[in-house]
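This briefing is intended for reading alongside the sequence and the 3D structure shown below. Its points are grouped by topic.

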Amino acid sequence: MTDTEKTAGDQGTPPARPEAIKAIPVRHYGRYVSAVVAIAILVAIINAFSQGKINWHAVPEYFFDHRIMTGVSKTLLLTVLSMLIGIVGGVLLAVMRLSKNPVTSSIAWFYIWFFRGTPVLVQLFLWFNLGLVFEYINLMPFYKDYWSNFMTPLLTALLGLGLNEAAYMAEICRAGLLAVDEGQTEAAQALGMSHGRTLRRVVIPQAMRVIVPPTGNEVINMLKTTSLVAAVQYPELFRYAQDIGQNSGAPVEMYFLAAAWYLIMTSVLSVGQYYIERYYARGSSRSLPPTPWQKVRAHLTTFSSRKVMA
Amino acid sequence: MSDKLSERDSVAAGTTPMVRAEGVHKSFGHVEVLKGIDLEVRPGEVFCLIGPSGSGKSTFLRCINHLEKINAGRLYVDGELVGYRQKGGKLYELKDSEVAMKRRDIGMVFQRFNLFPHMTALENVMEAPVQVKGLAKGEARERAAQLLERVGLADKAGNYPSQLSGGQQQRVAIARALAMDPKLMLFDEPTSALDPELVGDVLDVMRDLAESGMTMVVVTHEMGFAREVGDSLVFMDGGVVVESGHPRDVLTNPQHERTQSFLSKVL
C-alpha cells in the first residue's frame, strides 16, 4: 500500500481522479411485495391468537412467579450439568474411538451405538427403574444404600441426559479432531511432544473451531430436552408451568409462558455461542470479526467523523 | 550391541557419524519406496538429497526421526538405533515416550511449514521448550525472541501464522525447530511451497545455520544452494542412491546417466 503510494508520489502529479459513479440503483420491487405479504400474514396470526379463547392476562401474572423462577433455574442447572457430562464424556469417547488401541476404540464404538440408538426418554425410564436389577449400590468402603435411595430424580435426569449427550458429543468431537491437518500432529511429534500433549496443546485447540458451532446447537437442544425429565419426577420449568396451569385453570396459557421462557434462554445462549466461536477463531483468519458492540461503535464513529468533515 | 558396533566404526572414522543408514528399506503396502539406502552424514556437514519426485528422498528424511518406520536395514542417529533397542541379538520397539525423547534432539522443517495456527510466532517458538523441556516461560520467551531475531523476524513475534508470508512462516518454523537446541536439523523441501521471491530469505537463514556448524540433512530442489552450501550430495532415484559425492562434482560432472538426465531437466 505505502509502496504504491510512494511510487505514485515519485512520478509527480497523480493521475486525475475520474468522476465518481452516480447510477440509479436497480429497484427490487419483489422485496417490497414480499415484505407487505409477510406483515399481513403476521398481523392475521396475531389477530387470530388475540381473538382466541385464551386468557392472556394469566401470562404476565405468572411470568415471574417464584415457582416459574425455580423451574427456570432448575432447567438451567440441568442443562449446564448434563452438557458438562456430555462434553467431557464426548471428548473422552472421541479420543478413545480414534485411539490405536482396539479395545478402547471398540468400547467407544459400542457406547455410541447403544446411547445414540435408543430414545432419550426410554433411557431416562431405564435409569429410573434400574433398581430392579441392582437392589443395592455398594461402593465397598465409601457408600452403601438402596438403589432407590441413591438414584434421586436429579441423578436420574443427569445420567439420562448427560450420558446420551456424550454419545452425540463424541461424534462431534471426532469430526473436529479429524478436521485438524495431519501435518500439525507431525510437527508436534517432531518437536518431541508426547501423544497426550500433542492432543491437548495442538490438536484440540484447533478442533474447537469445528466443535463449537454444533455444540452450541447441542446446548440449545439440551435446554429443550430437559422438559422430558418431568417424566422421571424431577420438577423443572415445564413441570412447574403444568402444575400452575392445572391449579389456576389456565393450562394453555402456561404453555405459552413456558415457550416464552425457553425462547429467552435459548436466545441468551446463542449470544454466548457467538463469543466462544470468536475466541476459537483467533489465528484462523487474519483479523477477528468485530463483536456486535464494536460494530455499533464503528458505525457511530464513522457517523460522527462524517459530520466533522461536513 | 549397537553401541559397540558404532563405537568400533567411530574409531575407524574418527567420529561417530550423525546419521548412518545401512540397507534401509521402506514399503507403503506393496509399494517399496526405499530399496536399500546406505549413507553416512558426518557431524557438522550439510548433506543434500536431490532427485525426482517419488524417488523416496522425503520418505528417507522422515525415517530419520521415526515419523516413518523402516521395514529392513538399520538406521542410526548419533550412534543410536532409530526407533528400536537392540538387546541380545533381538530388536525391541521403543515406547512412544522414548521415541519422543529422541526426537527432541532432531529438528525438522516441513515443506508446508506446519506452524501451529492458533499461536503467535513467538508462542510457536516457545511451545516445545516450555511443554517438552519444562523451561520457565520467561526464559523461553527471551530465547524465542532471540531466535526470531536470528531469522530476521523480531518484529513479527506477535503475529499469527496466517498474518505472515510463506517465507516468514518458514523462518518461524526454523526458529521453532532451533528452540529445542537440536544436534541435527532435517529440512524437507523447505522452499518448495514458497513464491520464488521469498526463497532467498529462507535459504539465507539456512546458510547462516550451516556456517554456525549445524549438521543438516536437506531435501531440496535448490541446486544453487546445494552447490554453494552443501558438503555432500546424494542423488536418489527409484528408492536407491544413484550417485553421491561432493556437490560440485556431482552437479557439474555427473557420472551416471540418470543423474545427467535429471540435472539436464532442472539446471
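In this predicted model, a salt bridge across the two chains pairs A:Glu186 with B:Arg62, whose closest N and O atoms lie 2.7 Å apart. Two salt bridges are counted between chain B and chain A. The contact between the chains involves 26 residues of chain B and 21 residues of chain A. Together the two chains bury about 2,100 Å², and carbon and sulfur atoms account for 53% of that area.

**Salt bridges**

- Over all chains, a search of the whole structure finds 22 salt bridges.
- B:Arg20 and B:Glu22 are joined through their side chains in a salt bridge with an N to O distance of 2.7 Å. B:Arg20 is buried, at a relative accessible area of 5%, whereas B:Glu22 is partly exposed at 27%.
- In a further pair, the side chains of B:Glu45 and B:Arg42 form a salt bridge at 3.0 Å, N to O. Here the acidic residue B:Glu45 counts as buried because its relative accessibility is 3%, under the 20% limit. B:Arg42 is partly exposed, at 46%.
- B:Asp105 and B:Lys183 also form a salt bridge, with their closest N and O atoms 3.9 Å apart. This pair links distant parts of the chain, the two residues being 78 residues apart. B:Asp105 lies in the loop between α3 (96-103) and β8 (106-109) of chain B, and B:Lys183 in the loop between α6 (166-178) and β9 (184-188) of chain B. B:Asp105 is partly exposed at 31% relative accessible area, and B:Lys183 is partly exposed at 30%.
- In chain A, salt bridges with shared partners connect A:Arg97, A:Arg116, A:Glu171 and A:Arg174 in one network.

**Nonpolar cores**

- The largest nonpolar core contains 50 residues, and B:Leu148, B:Ile174, B:Met185, B:Phe187, B:Met206 and B:Met216 have the most contacts inside it. Helix α7 (residues 196-211) of chain B supplies the largest share of this core, seven residues.
- In soluble globular proteins, nonpolar side chains tend to be buried together.
- With neighbours within four places in sequence left aside, the contacts of B:Met185 include B:Gly107, B:Val109, B:Ile174, B:Leu209 and B:Met216.
- A second, separate core has 39 residues, among them A:Ala188, B:Met18, B:Leu34 and B:Val132.

**A hairpin in chain B**

- Strands β11 (residues 232-237) and β12 (residues 240-245) of chain B run antiparallel and are joined by five bridges. In this pairing, B:Leu233 stands opposite B:Gly245 in β12(B).
- The two strands β11(B) and β12(B) make a hairpin with two residues between them. B:Gly238, in the turn, has a positive phi of about 60 degrees.

**Confidence in chain A**

- Chain A has a mean pLDDT of 86, with 89% of its residues at 70 or more.
- Within chain A, confidence is highest in helix α9 (residues 182-190), at a mean of 96, and lowest in helix α1 (residues 2-10), at 46.
- Residues 1-9 of chain A have a pLDDT below 50, and this stretch has zero contacts in the model beyond near neighbours in sequence.
- Where pLDDT is low, the predicted coordinates should not be read in detail.

Definitions and conventions. Residues numbered from 1 in each chain as written. Chains lettered and ligands numbered in written order. Predicted model: local features only at pLDDT ≥ 70, side-chain atom pairs only at ≥ 80, totals over all residues. Heavy atoms only, no water. Pairing = 2+ DSSP bridges. Helix = DSSP H or I, 4+ residues; strand = E, 2+ residues; numbered from the N terminus. Core = buried A, V, L, I, M, F, W, Y, C linked by side-chain atoms within 4.5 Å. Buried < 20%, exposed > 50% of the residue type's maximum accessible area, 1.4 Å probe, protein only. Contact = heavy atoms within 4.5 Å. pLDDT = per-residue confidence, 0-100. Buried area = accessible area lost by both parts, 1.4 Å probe. Salt bridge = Lys/Arg side-chain N within 4 Å of Asp/Glu carboxyl O.
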